[in-house]
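This briefing is meant for a reader meeting the structure for the first time. It treats the annotated sites, the ligand surroundings, the domains and the strand pairing in turn.

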Amino acid sequence: MINIIVAGPRGKMGYEAIKMINKEENFRLVACLDRKNNGKTLKEVDGLPDLDVPIYENAEECFQAVDSADVLVELTIPEVGYLHTKTAIQHNIRPVVGTTGFNSEQLEELDELLTSKNIGGIIAPNFAIGAVLMMKFSQMAAKYLPDVEIIEKHHDNKLDAPSGTAVKTAEMIRETREPKSQGHPNETETITGARGAELDGMRIHSLRLPGLVAHQEVIFGGPGQTLSIKHDSLNRASFMDGVRFSIERVFEIDGLVYGLEQLL
Ligand SMILES: NC(=O)C1=CN([C@@H]2O[C@H](COP(=O)(O)OP(=O)(O)OC[C@H]3O[C@@H](n4cnc5c(N)ncnc54)[C@H](O)[C@@H]3O)[C@@H](O)[C@H]2O)C=CC1
Ligand SMILES: O=C(O)C1=N[C@H](C(=O)O)C[C@H](O)C1
């Protein structure tokens, strides 16, 4: 039995994760970390599943009180998610993190902390298998077609831009692509930002619109041709196989795994 704490139970992902955990025979939800509702149980909060699971607002207090916890599933916002993750590791609780927007210093610090505690942790910029394949295929294509731009499209409640998936895609592409700057050497922006964000010469464009869920297209260009590699998450259920897989696999690794492509 794996005892799990979910951070962000009232969020779109947190809610979906609780439903998934509740259906699995070998998973047990033992607590939730929320921004409010301290001292209540899930069933006492409108809109949450009818479960007798305690809610805490303070991570330290939660991890001390619920000493049976094995895994933290972190699905909140960047700053809070980082603190939750760090505190969990300090309590020997393995983190499975979907929250995006951590910077490279934070990732390094979490890796060191995990290693010092001899436990594993997973940070997955995208839990959807199709998205992981889209990133992997893009990494392969970039070896042959180094001119590439990334367009990511998300719902308009998203806090971080570019998306964690777009950043990870560019980082993976960087490993196979010959460094080059793209576009005309004398190009100028008549409106700042017109050419998008830049990572190692690649451009990333972020769209935010109501109605969208999570979508990304990686477009490569070569003489007389383009190649598009595209993934769409149509709902949050698309991420749950990856969350389930990560909860099980996190016991088999040491230190930080950043990206599910390393485990598949
Ligand atoms: N890795 C992946 O595959 C995916 C990652 N995400 C990421 O997961 C995170 C959550 O996404 P959504 O559920 O769509 O967002 P959401 O906005 O629906 O939920 C975020 C939740 O965090 C909660 N929260 C804020 N501060 C908190 C605190 N101090 N303590 C506890 N909870 C707190 C909010 O109350 C809210 O319920 C985002 O960072 C998003 O980028 C989202 C979808 C897939
Ligand atoms: O906020 C979201 O919704 C998503 N966030 C992740 C990201 O930043 O890449 C994963 C997915 O795209 C959905």
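**Annotated positions and their surroundings**

Leaving out residues up to four places away in sequence, H155 touches P210, L212 and V213. The model under discussion is a predicted one. The protein chain is divided into domain 1 (2–123 + 237–262) and domain 2 (129–233).

**Binding-site annotation**

- An unreviewed UniProt entry applies the annotation "binding site" to H155, G164 and T165.
- H155 is placed in the loop between β7 and α6.
- H155 counts as partly exposed because it has 14 C-beta neighbours inside 10 Å.
- G164, by contrast, lies in helix α6.
- G164 counts as buried because 22 C-beta neighbours lie inside 10 Å.
- Apart from residues up to four places away in sequence, G164 touches T100, G101, P125 and N126.

**Active-site annotation**

- For "active site", UniProt lists H154 and K158, again in an unreviewed entry.
- H154 belongs to strand β7 (residues 147–154).
- H154 is buried, since 22 other C-beta atoms lie within 10 Å and a residue needs 20 or more to count as buried.
- Once neighbours within four places in sequence are set aside, H154 is in contact with S163, R208, L212 and A214.
- K158 is found in the loop between β7 and α6 (164–174).
- K158 is partly exposed, with 16 other C-beta atoms within 10 Å.

**Surroundings of the ligands**

- Which residues surround ligand 2? They are T100, P125, N126, H154, K158, S163, G164, T165 and A214.
- By class, the shell around ligand 2 holds two nonpolar, six polar and one charged residue.
- Ligand 1 has 23 residues around it, of which G11, M13, T76, G98 and F127 come nearest.
- Helix α1 (residues 12–23) supplies the largest share of the shell around ligand 1, with three residues.
- The shell around ligand 1 is made up of 10 nonpolar, nine polar and four charged residues.

**Domains and their contact**

- The centres of domain 1 and domain 2, taken over C-alpha atoms, are separated by 29 Å.
- In the contact between them, 11 residues come from domain 1 and 10 residues from domain 2.
- The side of domain 1 that touches domain 2 consists of four nonpolar, five polar and two charged residues.

**The seven-stranded sheet**

- An open sheet is formed by seven strands in the order β3-β2-β1-β4-β5-β6-β12, with parallel pairing.
- Which strands stand at the edges of the sheet? These are β3 (55–56) and β12 (255–258); each has a single partner strand, so one side of each is left without a neighbour in the sheet.
- Within this sheet, strand β1 (residues 2–7) and strand β4 (residues 71–74) pair in the parallel sense over four bridges.
- I4 has V71 in β4 as its bridge partner.

- Helix α6 is largely enclosed by the rest of the structure, because eight of its 11 residues are buried.
- The buried residues of α6 are G164, T165, A166, V167, K168, T169, A170 and I173.
- These buried residues pack against α5 (129–142), β7, β8 (197–199), β9 (202–208) and β10 (214–222).
- Strands β7 and β9 run parallel and are joined by six bridges.
- The bridge partner of I151 in β9 is H205.
- Strands β8 and β9 run antiparallel and are joined by three bridges.
- In this pairing, A197 stands opposite I204 in β9.
- The hairpin of β8 and β9 has two residues between the strands, and D200 there takes a positive phi near 55°.

Technical notes. Residues are numbered from 1 along each chain as its sequence is written. Chains are lettered from A and ligands numbered from 1 in the order in which they are written. This is a predicted model: local features need pLDDT of at least 70, side-chain atom pairs count only at pLDDT 80 or more; totals for chains, interfaces and linings use all residues. A residue is near a molecule or strand if its C-beta atom, placed from the backbone, lies within 6 Å of it. Ala, Val, Leu, Ile, Met, Phe, Trp, Tyr, Cys and Pro count as nonpolar, Asp, Glu, Lys and Arg as charged, and the others, Gly among them, as polar. UniProt positions are given in the numbering used here, feature names are shortened, and annotations may be inferred rather than shown by experiment. A residue is buried if 20 or more other C-beta atoms lie within 10 Å of its own, exposed if 12 or fewer, and partly exposed in between; C-beta atoms are placed from the backbone. Two residues are in contact if their C-beta atoms, placed from the backbone, lie within 7 Å. Domain bounds come from an automatic or database domain assignment. Two strands pair if DSSP finds at least two bridges between them.
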